[in-house]
Amino acid sequence: MAAVTRVNGPLVEVDRLGGAAMYDLVRIGGLPGEIVALRGERATVQMYEYTGGLRPGLEVEATGAPLSAPLGPHLLGGVFDGLLRPLDRAPAWLDPRSRPGAGPGAWRFTPLVAAGRPVAPGTPVGSVAAAGRVPYLVLAPGGVVGDVRPEGEYPATATVATVGGTAVTMTRRWPVRRALPCRERLAEPVPLVTGQRVLDLLLPVRRGGAAAVPGGFGTGKTVLLQQIARWCDADVVVYVGCGERGNELADVLAGLAGITDPRTGGRLADRTVVVANTSNMPMMAREASVYTGMTVAEHFRDMGYDVVLIADSTSRWAEARREFAARAGEPPAEEGHPADLASAIAAFYERAGRVTTLGGRTGSVTVLGAVSPPGGDLTEPVTAHTERFVRTLWTLDRDLAYARHYPAVSVEASFSRDGGALSAWHDREGRPGWAAAGARVAALLAEAGRLAGTAELVGASALPDRERVVLLGGRLLREGLLRQSALSPADAYCSPGRTLALAGTVLAAIDDCLALAATGVPAEDIESRDFTAVLRAKETG
Amino acid sequence: MIELEYTDVAELRGPLAVVRGVAGVGWDEFAVIRLPGGGTRHGLVLEVDRDLALVQVLEGTAGLAPGRIGVTFSGAPFRVPVGPGWLGRVCDGLGDPLDGGPPVFGTATAPAGGLPLNPAWRLPPADPIITGVSVIDALTTLVRGQKIAIFAAPGLPHLDLAAQIAAQAHAAGEPFGVVFAAMGLTHADASGVRDALEARTAAGELVLLLNLAGDPVIERVLTPRIALTVAEHLAFGLGRHVLVVLADMTGYCEALREVSAARSEVPARRAYPGYLYSDLASIYERCGRVRGRPGSVTLLPVLTMPGGDITHPVPDLTGYITEGQIVLSSEISVYPPVDPLASLSRLMRGGVGAGRTRPEHADLAAQLIAALARAARARELAEFVGADALGPADRRHLDLADAFARDLVAQRRDESRSLEETFTRAWRVLSVLPRADLAMLGAAALDAHHRPAAPEPGPQEPDGIGTGHREPR
């Protein structure tokens with residue numbers, strides 16, 4: 001009989017465990033854990049709950065299956081822990097020994113195919129009325145539809161169709177550490193509109209792309225990601241709160257509950273799946289939570305939806321891995337992280353993508369990962385490796401945050417490798433002038449940045465008039481265009497059309513000033529003009 | 001249950017004891033160590049490996065001799081008695097009385113580690129705690145259910161400030177209580193804290209747990225957890241708003257590092273253990289508000305930044321977990337030396353405004369910060385080009401910064417200011433600037449409170465009308 005030999009926090013060693021495979025789920029004293037190392041019949045297990053009271057000699061039950069996520073219509077609008085167990089139906093204080101699983105529930109099923117027809121794998125056989133306006137699709141394996149149930153209410157685990165001899169239910173399970181398959185990846189760049197001007201105009205992210213948000217504490221990572229979760233033009237948002245604050249999640253939930261989705265008219269909460277593993281919840285479930293979140297995102301991608309996965313913060317995930325590696329006695333590599341840190345980060349971001357699904361639809365998973373560098377040091381390993389694997393980087397700056405300039409995105413320290421292609425997309429799709437406006441703003445900001453360095457040394461008044469006006473222009477762009485208030489109802493979200501119009505307004509004001517300077521008007525007079533209308537344009541709908 | 005006593009102690013090393021031949025002992029169990037002379041010490045199981053149990057001895061291993069001590073295991077994690085009986089008491093770091101009173105029994109017990117609060121049950125922090133300290137109430141308001149840290153370089157009066165807040169804070173008439181846990185304080189510091197809190201202790205509104213610099217170091221691992229367990233019950237069981245002050249968390253982290261080093265664990269930054277973030281989070285996250293329960297726990301960890309370095313692992317990880325920080329700076333010459341630009345209460349929006357403090361509070365704080373930021377830039381500029389070369393706007397902002405330090409920040413250590421007084425002072429500071437410089441404030445608020453001392457440029461108004469209070473020259 002397999003039994004525990006050693007307990008050290010979340011690390012448990014087990015002996016006489018025959019026939020088990022790596023990453024298989026086991027149960028010890030009723031608590032779940034995952035096999036992370038095997039030597040003969042001895043296994044190292046990482047436990048997903050507080051292990052107080054576990055002792056040598058306890059029996060170990062092997063489940064013979066890897067950790068997998070229960071995927072179903074209950075996900076939309078719900079709040080779950082790192083193992084995708086519902087939190088909204090759990091008690092106020094989480095006792096590891098009394099955690100309810102996902103209740104099956106009953107859902108309204110509408111068939112979409114007729115019996116007797118052959119279908120490709122990934123074809124929806126029916127749709128389910130889940131929370132909100134996004135229909136939940138039941139996808140089938142390939143084969144001939146043998147039987148499909150008529151419209152009606154069915155338990156989530158009941159067979160609603162038989163395809164190619166396989167029973168299809170509204171829910172399914174998938175091992176979280178394995179990507180759900182797709183037919184092919186699509187290369188054509190299409191922007192994800194975030195509703196944040198500085199990002200959409202200067203540092204865009206593509207659908208199916210990956211962006212990282214590094215920033216020290218207090219720089220507004222979470223507020224920025226919350227804004228994107230609320231306003232981006234995705235069909236489904238998966239928000240993984242990984243090792244972060246409980247109050248923040250309460251705020252995310254309260255924020256989503258109170259807001260109407262501008263695109264569908266439904267509640268924003270109902271297009272959102274929240275996976276919450278706050279920093280006081282068991283550490284190793286934090287490690288699993290980014291994978292369960294990713295699996296949920298891929299599941300909705302396969303229904304043909306554009307999905308955004310927000311992971312706040314990937315650093316906590318990396319730290320959970322480091323902590324466990326240290327307990328398991330693995331030799332430390334960079335700053336104590338295990339040697340596979342870079343490959344684990346790469347593999348995670350690689351699951352992002354815009355694809356043709358098995359069923360022939362187009363869907364995407366865009367990954368936005370927060371990075372919390374210790375001491376604000378952007379050369380630390382998690383930040384450094386993440387920068388290698390993302391196409392878009394939004395670096396947050398402490399000085400901007402101290403000056404209460406939000407979003408505190410430092411344009412100089414950030415990049416988007418898709419900027420050109422995505423600007424061209426806007427130009428083509430009915431917003432001519434987008435690429436030109438973006439390029440002009442970027443060039444002015446860069447010039448103003450260079451001049452600011454000089455001005456610090458010699459004083460702004462020592463600069464020639466035109467240069468002083470460029471400095472003024474940089475200030476107008478930052479204040480009137482890039483700065484955006486998450487708290488202002490008129491300004492929290494900015495459509496691409498308005499972003500372009502605002503950029504036009506501010507650029508026109510700058511051009512006026514430059515023209516005045518060219519005719520010999522002293523910079524002092526230009527600086528003392530009233531720019532209130534330009535600066536307030538973003539507040540007036 | 002028959003309690004087995006184990007006497008085969010294989011090893012004693014630092015704060016650790018290895019007990020051999022144990023059976024059925026679980027991880028994180030509480031242990032009692034019996035000394036030959038009749039005394040007892042206490043321990044926690046850090047690891048069990050077949051028949052070996054690794055125990056950290058809270059009172060240290062000095063004087064323990066293998067073969068002459070007996071260890072019994074309780075079969076459960078350490079539990080704390082909870083109840084209103086704690087209020088008004090002064091105890092040591094393990095909760096044993098220092099005030100000559102009887103042991104605290106409580107109405108029930110709860111595990112000191114606590115259970116994780118389900119995030120789906122949390123309510124976002126709301127409503128203020130008024131500290132009576134102007135600069136904090138005005139600019140970094142404490143919000144019920146929030147955790148916000150006080151950071152200070154060595155030598156600054158952070159303990160005085162923490163004690164002053166603990167002595168003065170209130171929740172506008174709702175039931176309130178304070179739990180003050182001291183970890184590693186010197187005798188002098190501790191007696192200062194005791195004096196400052198004496199009245200509140202006597203009033204039965206405060207619990208004081210004192211682990212001093214000379215007390216066993218490892219005991220500090222439990223002190224904040226005992227404080228929080230007591231506070232959670234006062235808040236969520238008895239409906240009080242409880243402020244928990246943990247001073248000094250650097251002392252706590254040193255105890256953690258000592259245990260880690262004794263276990264030869266792989267060290268992370270500055271030799272602190274790799275699990276420091278998780279461990280701190282297990283303390284700091286025990287605050288908040290819970291749906292359907294009236295009370296709240298607000299957490300104020302106080303910590304010394306070794307070498308004044310905010311990127312040191314303890315302040316850095318704390319900053320990542322807490323919802324804001326109050327930073328003390330040696331460059332500010334008044335008490336309390338709060339650096340307004342480096343300080344931030346992230347949840348302030350939820351705690352201030354109409355019906356809570358004052359309608360214009362958020363705008364007023366933002367305006368003051370913006371003006372002080374401009375003053376800081378002007379001061380830097382003045383160092384390069386000389387103060388004479390500054391424009392009139394920059395000079396006005398330097399005047400504002402002076403008025404801010406003199407009229408709003410500077411305060412006696414025993415002075416508790418009402419919200420009314422704080423706002424009167426804040427408006428007096430803002431009135432140094434003309435209305436045109438105060439774009440972040442609404443017209444209604446400016447009409448009601450803005451009283452510039454000097455007439456603004458433009459048509460002169462007759463004396464006494466519309467110009468408000470004037471300072472005698």
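Helices (H or I, at least four residues) and strands (E, at least two) are DSSP runs, numbered from the N terminus.

## Basis of the model

This is a predicted model, in which local features need pLDDT of at least 70, side-chain atom pairs count only at pLDDT 80 or more, and totals for chains, interfaces and linings use all residues. Residues are numbered from 1 along each chain as its sequence is written, while chains are lettered from A and ligands numbered from 1 in the order in which they are written.

## Annotated span of chain B

In chain B, residues 14-67 are 0% helix and 48% strand, and the end C-alpha atoms of this span lie 18 Å apart.

## Domains of chain B

The domain assignment (bounds from an automatic or database assignment) divides chain B into domain 1 (5-77), domain 2 (80-351) and domain 3 (361-449). The C-alpha centres of domain 2 and domain 3 of chain B are 31 Å apart.

Between these two domains of chain B, 19 residues of domain 2 are in contact with 19 residues of domain 3; contact requires C-beta atoms, placed from the backbone, within 7 Å. On the side of domain 2 that touches domain 3, helix 1 (134-139) and helix 2 (158-168) of chain B each supply at least two residues. Helix 1 of chain B gives the most, with five residues.

## A sheet in chain A

Chain A holds an open sheet of four strands in the order 12-11-9-14, with antiparallel pairing; two strands pair if DSSP finds at least two bridges between them. Strand 12 (136-140) and strand 14 (152-155) of chain A are the edge strands, each pairing on one side only.

Strand 9 (residues 106-111) and strand 14 of chain A pair in the antiparallel sense over four bridges. A:Ala106 stands opposite A:Pro155 in strand 14 of chain A.
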